[in-house]
Amino acid sequence: MSHLPFEDRARFPNPFGKIVGDPLEDNVDVVDINREAFEACQRLIGDVRTHHASGALTLFGEAGAGKTHILGRVRRWLQTEPASLFVPVRMDTSARMLWRHLRRNLADALLRTDASGQRALDRLLGPKSAAIGEFPERDLSIVLGNLLEGRHVRDSSAWLRGQDLPETALTRMDLAQPGPEDDQEAISRNLIASLCSMIEPGVAVFCLDQWEALQSFAGDTDGLFTTGQAVSFLHDPPFRNVCIISCVQTGFVPRLENVLDEAIRQRLLSRRQAIDLIDWDKALRLIPARLDEFPALSQVRRGQPDPLWPLSEGPIRSIFTANAAPARRVISRCKDLFDLWRIGEAQADESLDHVLQARLDERMRPVEPADAEAAMRTGLPLVLTSLARKDGTFDFALRGGSQLVALCNQTNGTSLYARLRKLDEALKPESGANLLLLRDSRLPIGEKAGKTRQRLKSIEDKRGRLVSVSQEAVESLGALRRLLADARSGDLAYHGDPVPVTKVEQWIAGHLPSAIEALLSEIDIPDLLSARLTDLIAQRKIVSIEEAARETASSALEVESCARRDPGLFGILQGGTSVLFQIVETEPVPAE
Amino acid sequence: MSTPGPPPAEATQRIVAILEPALKPVTFGQLKKAAHLDNAGTTRALEAAINQGAVFRWPDYRRSQYFWRQSPMETARQAVLTIASGEAYSRSRLAERARRTIPGFSIKEMNRIVSDLISTRELQQVPAFTTGKLLIRAGAAAAYETTARKFIAEKFRKAGLDRVSVPAPGSAGAGERGAEPHDAETRILEAIRSLEPVPGVPVSTQRLRNHLKTMDKHDFDRAAIRLRDAGKIFLSLHHDAHNLPQAQRDQLVDSDDGNFHVALAVRR
């Protein structure tokens, strides 16, 4: 049997093909691996159910140790538990979108169907459908009623997810039109509170994966802090049925300990559990479990004396250090070895450039216009790392504040008008700043929207400009965000090991999708590195070339050559440590 | 008319805040007084804090209920391990000594804890100097050595030899490797155990270095690598250490193979 011809072997799919875990898809599982971590999750959920008090647990582990995989085990276990809702949340969001992001994921969890085709919503709220009309939140009651009874399903689902709806759709469903002063974050937070209370006595299990992805750039703490506050909010009364399971890389612990205040740390970190690397004994259970996933392969394996057949111990064991290795590295090695057995040769070694391009392409997904705002808000700062976030009316600032950026992707006419009015009132011509209004190209402003057009004209008169962002650019921003989120969380693997985030940032700077290059050109940023350096030098005045290279995700050589191209702006002092400084034009001193 | 108590969440926070700096378990009465709550309010707040995992109820002792921020079971385990780090003891003496330091535990309960620690290999059995076995904290060679020295000193005394010439640690006769590297490993293991919030949860190198301020970087890094190679700890890899500023990179463990490690965890 071990001498199967290659043409026979080639028919077997590689059972190690999937290297990075997905809580909604992982099905091969060895329960003895990380049993303690899983039991800690079960204890948390059991305690919340018994004591009617929300709680939190944080799972720590090295990249590739299996944190996300444990979440998959929790999902499968919850399928057998009555009245429970599994809410997986990848934290690839920003501080200003956090509650909307959680709402979106909670809605997706409620609308997701199980193997029998039943939605969690029907399971948890169906029995209460008669009482739903009595809930105090009128719009939410209407939407849930629609969903349970199969009316206006598409628009009701969109509303539940927090997507902006046109006036006509809202009118058709008898829902309130958005108000000019609505705070979408507060609305989403309240909606989460209402939904959680509606599913009582069932429990909502929020699994917050990839905390590291909350950082848009190294040193960014806003997302972490806001999420810590959100955990505290969900942890405390009146919530009584919320379980929060967080997954954090071990290397990220010092950052969390430094950023979060004591009260948040107490809630988030009082229950902790480690996800360990696996030893050889565990690998000996994991590898056969994967090999037996496909019945055809399992059948030919039957009767083989070596439990690892068609693989063998030596080449796998060589990746262990002191009898320990991350599960992902073991799976990656087995994948290569299986290919070698299957087709007689190892798959051609792809370059990192090639792998990153492939990973970016995989992450390109359709983004609806209603989600363009989130993609731009979280994606733009990754491309333009020097974008400064603004807390007021405007979203970002460029070039030391002389160029303001505002997102306005409202699909609802009332909301769009309210947004433009606010921007118009806040834009002061005497400040000398330009304003770029970024709007998804699929959201035209209708000819009949007279008042909205008037506002737009007024903004344009004050050096404002509407920039239409193509669908490709929006989707590319979303893909870049996901790529960097995975890199920050150690989930972007090359040969089974995480790719350092700085390498990914450097790669992005040199391989921007053409749609994003077109967008940058549209907003007068012809050269990304030059723009980043201009902003850096405007803020810092003087900085070492080495540091400038680090902060602009480029090499020292690139920084130097970029600076030399623009001697009117940059000066260079050569020496032991070469330094870049800002050239400032001054008025000539009058002769006495 | 009685004054209404604070909202439940605030009462719970008060209780947690009182227990946070407490160096030992606190009685119900002391808590009630310090938190300015009545009996019912204190009970409710304690129940909520216990449910949140922020407070633990301790075994009753002398008709009083005790509460603390540390779990009694974990504190008892730590007490056993601390005692077994200082000297080697027989199982019964170890349980008895630990029981004296932790109120409310019976000798039977303490014996069970000692058995658990043996089964998880946090306590190591070593040959006694007469017959049977002694227990030390896993890897705590210094504890075994101390007991050996006491044993020999006693033999010398009984033989009427007043001046004991047992080689001192670190002297030429103390073994091939010398005592210092071994001592560094023991100190690191003890530091991890004292800092880990839950057994097995990694402790950052930054916290460990702060805790072991007198140990220089080279000794710390080498001892950490030896512990990893001996299968006693896990080291957590930092995946982008080369892009850290030098000061931050110096906080990590350099394993001399181009890798840097950010945290250490006791292997269970």
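Predicted model: local features only at pLDDT ≥ 70, side-chain atom pairs only at ≥ 80, totals over all residues.
Residues are numbered from 1 along each chain as its sequence is written, while chains are lettered from A and ligands numbered from 1 in the order in which they are written.

Let's begin with chain A, which is divided into domain 1 (35-110 + 181-275), domain 2 (278-343), domain 3 (369-517) and domain 4 (527-582); domain bounds come from an automatic or database domain assignment. The centres of domain 3 and domain 4 of chain A, taken over C-alpha atoms, are separated by 25 Å.

Strands here are DSSP runs of E with at least two residues, helices are runs of H or I with at least four, and both are numbered from the N terminus. Two strands pair if DSSP finds at least two bridges between them. In general, strands of a sheet pair through backbone hydrogen bonds, either parallel or antiparallel.

You can find Ala204(A) opposite Val242(A) in S4(A).

Next, look at the interior. A residue is buried if 20 or more other C-beta atoms lie within 10 Å of its own, exposed if 12 or fewer, and partly exposed in between, with C-beta atoms placed from the backbone. A nonpolar core is a set of buried Ala, Val, Leu, Ile, Met, Phe, Trp, Tyr and Cys residues joined through C-beta atoms within 7 Å. The largest such core has 184 residues, and Val205(A) and Phe206(A) touch the most other members. Helix H22 (residues 471-488) of chain A gives the most to this core, with nine residues. Not counting residues up to four places away in sequence, Phe206(A) touches Val87(A), Val89(A), Leu234(A), Val242(A), Cys243(A) and Ile244(A). Contact means that the C-beta atoms of two residues, placed from the backbone, lie within 7 Å.

Leu125(A) is another residue to look up, in helix H5 (residues 120-125) of chain A. Leu125(A) counts as buried because it has 21 C-beta neighbours inside 10 Å. Although Leu125(A) and Ile199(A) are 74 residues apart in sequence, they are 6.5 Å apart in space, C-alpha to C-alpha.

Towards the end of our tour of chain A comes a hairpin, which joins S14(A) to S15(A) through five residues. Strand S14 (residues 570-573) and strand S15 (residues 579-582) of chain A pair in the antiparallel sense over four bridges, with Phe570(A) opposite Gln582(A).

Now we cross to the partner chain. In all, 30 residues of chain A are in contact with 27 residues of chain B. By class, the side of chain A that touches chain B has 13 nonpolar, ten polar and seven charged residues. Here Ala, Val, Leu, Ile, Met, Phe, Trp, Tyr, Cys and Pro count as nonpolar, Asp, Glu, Lys and Arg as charged, and the others, Gly among them, as polar. S5(A) supplies the largest share of this side, three residues.

Chain B has eleven helices and nine strands, and 36% of its 268 residues are buried. Its divisions are domain 1 (8-69), domain 2 (73-147) and domain 3 (179-266). Six residues of domain 2 of chain B are in contact with eight residues of domain 3 of chain B. An open sheet of three strands in chain B has the order S1-S3-S2, with antiparallel pairing.
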